[in-house]
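The following report describes selected features of one structure, taking the ligand surroundings, the nonpolar cores, a helix pair and several individual residues in turn. Please read it alongside the sequence and the model shown here.

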Amino acid sequence: MTLEEFLKQCEQSGDAAYAAFKSLLEKLEDPKTRIEARVFLSDLQSRVGSSDDCFHKYHFRIQDIYLDRYEGYQGRKKLTMMVIPSIFMPEDWSFTFYEGLNRHPDSIFKEKTVAELGCGNGWITIAIAEKWLPAKVYGLDINPRAVKVSCINLYMNAFDEKGQPIYDAEKKTLLDRVEFHESDLLSYCREHDIKLERIVGCIPQILNPNPEAMSKMITENASEEFLHSLSNYCALQGFLEDQFGLGLIARAVEEGIAVIKPTGIMIFNMGGRPGQGVCRRLFERRGFRVTRLWQTKAGDTDISALVEIEKNSPHRFEFFMGLSGDQPICARTAWAYGKAGGRISHGLSVYSCQLRQPNQVKVIFEFLRSGFQEISSSLDLSFEDDLVADEKIPFLAYLSSVLKENSCFPYEPPAGCKRFRNLIAGFMKTYHHIPLTSDNVVVFPSRTVAIENALRLFSPHLAIVDEHLTRNLPRKWLTSLAIETAENGLSDDVVTVIEAPRQSDLMIELIKRLKPQVVVTGIAHFEAVTSSAFVQLLDATGEIGSRLFLDISDHFELSSLPGTIGVLKYLSGTPLPSHAAIVCGLVKNQVYSDLEVAFVISEEEAILKALSKTVEILEGNTSLISQYYYGCIFHELLSFQLTDRHPHLEIHHDSIENAYYPGKIVDRFQIDNKSY
Ligand SMILES: C[S@@+](CC[C@H](N)C(=O)[O-])C[C@H]1O[C@@H](n2cnc3c(N)ncnc32)[C@H](O)[C@@H]1O
């Protein structure tokens, strides 16, 4: 076909021009006809130029896009790109987006596997390949014509005007680095099991004012008008963010979470119409950290859909009068102002985001996808405090994996979840060097319940309980005056409790005088670091054949660098005598100040068995969710503990404050990760 014949066909209609270029693409794809076809394109460009006239007359335009205007420019000065009316014509949105990509502080695409969502005529995909030499860039678009035009643009830039290949610094051509595919967001990558390191996109953010339009089949034979509308409008996506027009981006982000590698980065160009906070929140509530790379203002498309949203909700969008205005006006006002000939604009920002705990967030979303989508609208993985995030996200991931595998919670023995008891034993072994197994541990809903059960188990005629621990015991145990007659034999269910101060010398004096059958006490702070108070209590109770329950809750830290507790230090070298048991209530998590679980440790099998019987008979099992919560904290602490690097885990007091909660583990994990 001659140039004139070609132009004649293009002149007929947009569809005819598309058909002409499609045949030309076939020639470009065939190495035998490629040179001739590429030269033909050059001739076409010089014959008709890039003017608006050409676009209107011949339904295409070939124009140069200058790359040397952008931050950190290197490599080719310009790319040559064609466009047809049924696809997106690069404008402010594209240029802001590309500028944003260039503003990223690192060379983020080098050797990476990248996807561009909504590649349009492909210029950004090609520019990424040209400037950063990625391993591969997939340019994806739902509009079949956009994909074909992108392919033509790929050949146009991979070969020079004479049809000769253009090699980059690594002796590769653009053909080696770029692929274009028809794809609804990331469906192509999902179907081909492609794992991405970068996902970038500038995709529509306004609901199509005509919802039926979006239910049409998307084929290359659809009307030009419909195909072009795919650049500016989207349909409802079933996400919370639909109410701001951001449903398509929300879906892109969630699809991205599934296919992105753990350290991957996503970059989106976002119209600031819903307000900065709403835009950021879309990412943050899905577990991302967000940085704004670049911001400009842009003019607008038909915003009537946003006016409709304002009608039905208290939300107000953010527009400006003119390009330089800074006083926001709502969509309704902007629409009216625009109709009356005024120019309106809105902010346009490029956001870069990265998952904070990628593997865990991926597990959470994988679970939600398996039939729990409705939960995702209330999902909030945004945390101001990193320590809270470091604790809650692993828990949600664990819960997700449990719920995904089991339709109901499993039955666990009354002594507590086996895994949880193993983790407690593991923590005691690793962090406090106390050789325990899960069989040494019985779990209770709280330390109060643990203490009450212990007292019920032994039904002592007289027990001495430290005054901090008596608060929740049955009143009648505290008010009975039966001490004198204790030896005369009272009915079995009466327990007499004497309150004692939490100070070992006073406690020991009372033990010696009153000879209780059971002693329950904590350790005063000033006595906690050494083991001498504990040893004296052991001796005093041992001598009179009394049981000792020692509560260490106030000193027990859920930390990667726990402070020294004298009792635990003692137990690392000496077995716990059979008349003694350790009680520990766990409350020091970051998130739920009232979520308690407790455990009792003993070396005596009979006591452990009897205690778990009391759970069965008296108080009921400990909620599995609470055990899972603390189980996760122990698991994290155990997973990231670096025993070989920190053989002496006992730390000096001045560092306790800085090393308090599990958040610290993550820092250490990251440091460690780098050296693997
Ligand atoms: C504003 S254009 C951006 C084009 C190009 N990146 C640029 O900046 O010039 C948005 C593109 O997203 C595409 N798009 C819309 N919905 C899509 C979807 N669900 N999946 C993939 N692409 C989509 C449109 O066809 C359009 O080409």
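Helix α5 gives the most to the shell around the ligand, with three residues. This is a predicted model, in which local features need pLDDT of at least 70 and side-chain atom pairs count only at pLDDT 80 or more, whereas totals for chains, interfaces and linings use all residues. Residues are numbered from 1 along each chain as its sequence is written.

**Ligand shell**

At least two residues of the shell are supplied by each of α5 (92-103), α6 (123-132) and β4 (136-141); helices (H or I, at least four residues) and strands (E, at least two) are DSSP runs, numbered from the N terminus. There are 25 residues around the ligand, and S94, G118, G120, I142 and N143 come nearest, where a residue is near a molecule or strand if its C-beta atom, placed from the backbone, lies within 6 Å of it. By class, the shell around the ligand comprises 18 nonpolar, five polar and two charged residues. In this classification Ala, Val, Leu, Ile, Met, Phe, Trp, Tyr, Cys and Pro count as nonpolar, Asp, Glu, Lys and Arg as charged, and the others, Gly among them, as polar.

**Nonpolar cores**

In soluble globular proteins, nonpolar side chains tend to be buried together. A nonpolar core is here a set of buried Ala, Val, Leu, Ile, Met, Phe, Trp, Tyr and Cys residues joined through C-beta atoms within 7 Å. A residue is buried if 20 or more other C-beta atoms lie within 10 Å of its own, exposed if 12 or fewer, and partly exposed in between, with C-beta atoms placed from the backbone. The largest nonpolar core has 112 residues, of which A115, I152 and I249 touch the most other members. Helix α7 (residues 144-158) contributes the largest share of this core, nine residues. Apart from it lies another core, of 71 residues, including L436, V443, V495 and V583.

When neighbours within four places in sequence are left aside, A115 is in contact with Y138, L140, L186, C189, L196 and I199, two residues being in contact if their C-beta atoms, placed from the backbone, lie within 7 Å.

**Packing of α15 and α17**

Two packed helices are described by the angle between their axes and the distance between the axes. Helix α15 (residues 358-369) packs against helix α17 (residues 386-405) at an angle of about 40°, and their axes are 8 Å apart. Axes are lines fitted to C-alpha atoms, for helices over the stretch in contact, and angles run from 0 to 180 degrees between N-to-C directions. The crossing of α15 and α17 is left-handed, a term used if the near helix is turned anticlockwise from the far one by less than a right angle, with right-handed used if clockwise. On the α15 side the contact is made by Q360, V361, V363, I364 and F367, and on the α17 side by I393, P394, L396, A397, S400, S401, L403 and K404. By class, this contact of α15 with α17 has nine nonpolar, three polar and one charged residues.

I364, which lies in helix α15, is counted as buried because it has 25 C-beta neighbours inside 10 Å. Leaving aside neighbours within four places in sequence, I364 is in contact with L396, A397 and S400. L387, found in helix α17, is partly exposed, since 16 other C-beta atoms lie within 10 Å.

**Separations and positive phi values**

The table sets sequence separations beside C-alpha to C-alpha distances.

| Pair | Apart in sequence | C-alpha to C-alpha |
|---|---|---|
| I364 and P394 | 30 residues | 9.2 Å |
| G299 and H346 | 47 residues | 6.6 Å |
| L387 and G566 | 179 residues | 27 Å |
| F534 and G201 | 333 residues | 63 Å |

G299 is found in the loop between β10 (288-298) and α13 (304-312), and, leaving aside neighbours within four places in sequence, G299 is in contact with D92, R343 and S345. F534, in helix α22 (residues 532-543), is buried because 26 other C-beta atoms lie within 10 Å. Not counting residues up to four places away in sequence, F534 touches I523, L550, G566, V567 and Y570.

Most residues other than glycine have a negative phi. L133, although not a glycine, has a positive phi of about 50°, and is found in the loop between α6 and β4. H433, also a residue other than glycine, has a positive phi near 60°, and its place is in the loop between α18 (418-432) and β13 (441-444).
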